[in-house]
Amino acid sequence: MLTSILTARIPGGVLTGLVCLSIAAAADDGARGPLQVIIERAPFQIRNPATYDVPLKLQPVRQVTLVALVEGIVQPFRVQVGEKVPSQSELLRLDSRARQLEVDRAAAALQAAQQEQEKGGAPARVAVAQAELALAQLRLEQTITRMPWDGVILEIHVAEGQFVRTGDPLVTVADPSKVVVEVPIDRRTMKVGDLVDVKVEEVAAQGVLTAIRPLPERLDSLRGLFQSVAAGLVVLDNADGRFLPGQTCYSPLIPRHPVGEAPVTALVNTEEGGRKVQVIRDGVIRDIPVQLLGQVGEEYVWITGRFSPEDQLILRTSEPLPDGTLVTPKNVVDAQGQPATSPATPPSPPRRRPGDF
């Protein structure tokens, strides 16, 4: 960390506030020259957000692939992918002629048993015939694939005329009235039943946390950013059909911009209620809005924002400096107040580790 005395030129020469007015006066007064400000700054090592890039997507809460219960040939059908289908509607049918003949034969056997019973025959023969007919009717019904609940068709796995065996997939269907996404959560602050903010493509939404599970391997890269991270199943109500299965989701806990570790003292509140830090970029003060990630002890925190690899993080300044202020080094001193060897050259960034850029 270096403490620099820099010459600052305020953009526009007009600021608000008592201290800022004196800065503006100094900046406008050619005889007195630009304002001299003491800035404590440090190289800011950042990590590539691709390190934490884990795709998230919506899935229906209820989704199932219906399979063939008997073998047979797929008959002509009219349903299409994406079609909404009411519960118990017929989706597909296999060739059922053999099954229908079995039903006819069982029905005839039952009729004969009933006639024999009327002439003094054994009642047990009627009971057996009734069971045989029920079994034949069940086998006939198994040639028809029906919608288990109100929903949509996601995929059809067979074609007309195709021979299928028992267990072969026929059609995948889903109930889109509720959708779910697995996102990282802070185990210390979240509990089942809480509302969780997610972003579905460009739409902000809220869902209910229905389960907390151990962090899956695909999210392991986040462990270093949070003290207690887990996976949560978040269910979103979709009765109005505004969301579609497969849509991309974004979680606030998965960084989309470069990540770095910063002292808590470098954070500044914004007028909008967020947080920001200031950096020196190409000799200019820049305000960088940031999102807070995990705390590192009491003095440091992981942050993410639109940082550049050449940014130098400002730890504190002797005067407030707005975004866009030009700064020129006058001299540089170390933490003990001794002149540095290269007053006009910023310190070299530390050696980068894997995952940094």
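This is a predicted model: local features need pLDDT of at least 70, side-chain atom pairs count only at pLDDT 80 or more; totals for chains, interfaces and linings use all residues.

Trainee: Which residues lie nearest the centre of the largest pocket?

Mentor: A pocket is, on a 1 Å grid over the protein atoms alone, an open set of points where a 1.4 Å probe fits, with protein on both sides within 12 Å along at least five of seven lines; lining residues have an atom within 4 Å of a point. By that rule 18 residues line the largest pocket. Those nearest its centre are P252, R256, H257, Q291 and T304.

Trainee: Which element gives the largest share of the lining of the largest pocket?

Mentor: Strands here are DSSP runs of E with at least two residues, and helices are runs of H or I with at least four, numbered from the N terminus. The lining of the largest pocket draws two or more residues from each of β13 (195–200), β20 (284–296) and β21 (300–305). The largest share, five residues, belongs to β20.

Trainee: How do the residues of that lining divide by type?

Mentor: Ala, Val, Leu, Ile, Met, Phe, Trp, Tyr, Cys and Pro count as nonpolar, Asp, Glu, Lys and Arg as charged, and the others, Gly among them, as polar. On that basis the lining of the largest pocket holds five charged, five polar and eight nonpolar residues.

Trainee: Which residues have the most contacts inside the largest nonpolar core?

Mentor: A nonpolar core is a set of buried Ala, Val, Leu, Ile, Met, Phe, Trp, Tyr and Cys residues joined through side-chain atoms within 4.5 Å; buried means under 20% relative accessible area, exposed over 50%, and partly exposed in between (1.4 Å probe, protein chains only). The largest such core has 29 residues, and β12 (169–186), β13, β14 (203–213) and β15 (229–237) each give two or more of them. The residues with the most contacts inside this core are V181, V183, L225 and L236.

Trainee: Is F243 buried or exposed?

Mentor: F243 is found in the loop between β15 and β16 (248–250). Contact means heavy atoms within 4.5 Å, and beyond four places in sequence F243 touches L58, V179, V200, V203, A205, L236, D237 and N238. Because its relative accessibility is 3%, F243 counts as buried.

Trainee: Is T166 buried or exposed?

Mentor: T166 is found in the loop between β11 (163–164) and β12. Beyond four places in sequence, T166 touches A68, L69, V70 and E71. Since its relative accessible area is 54%, T166 is exposed.

Key: Residues are numbered from 1 along each chain as its sequence is written. Side-chain values use heavy atoms; hydrogens and water are left out.
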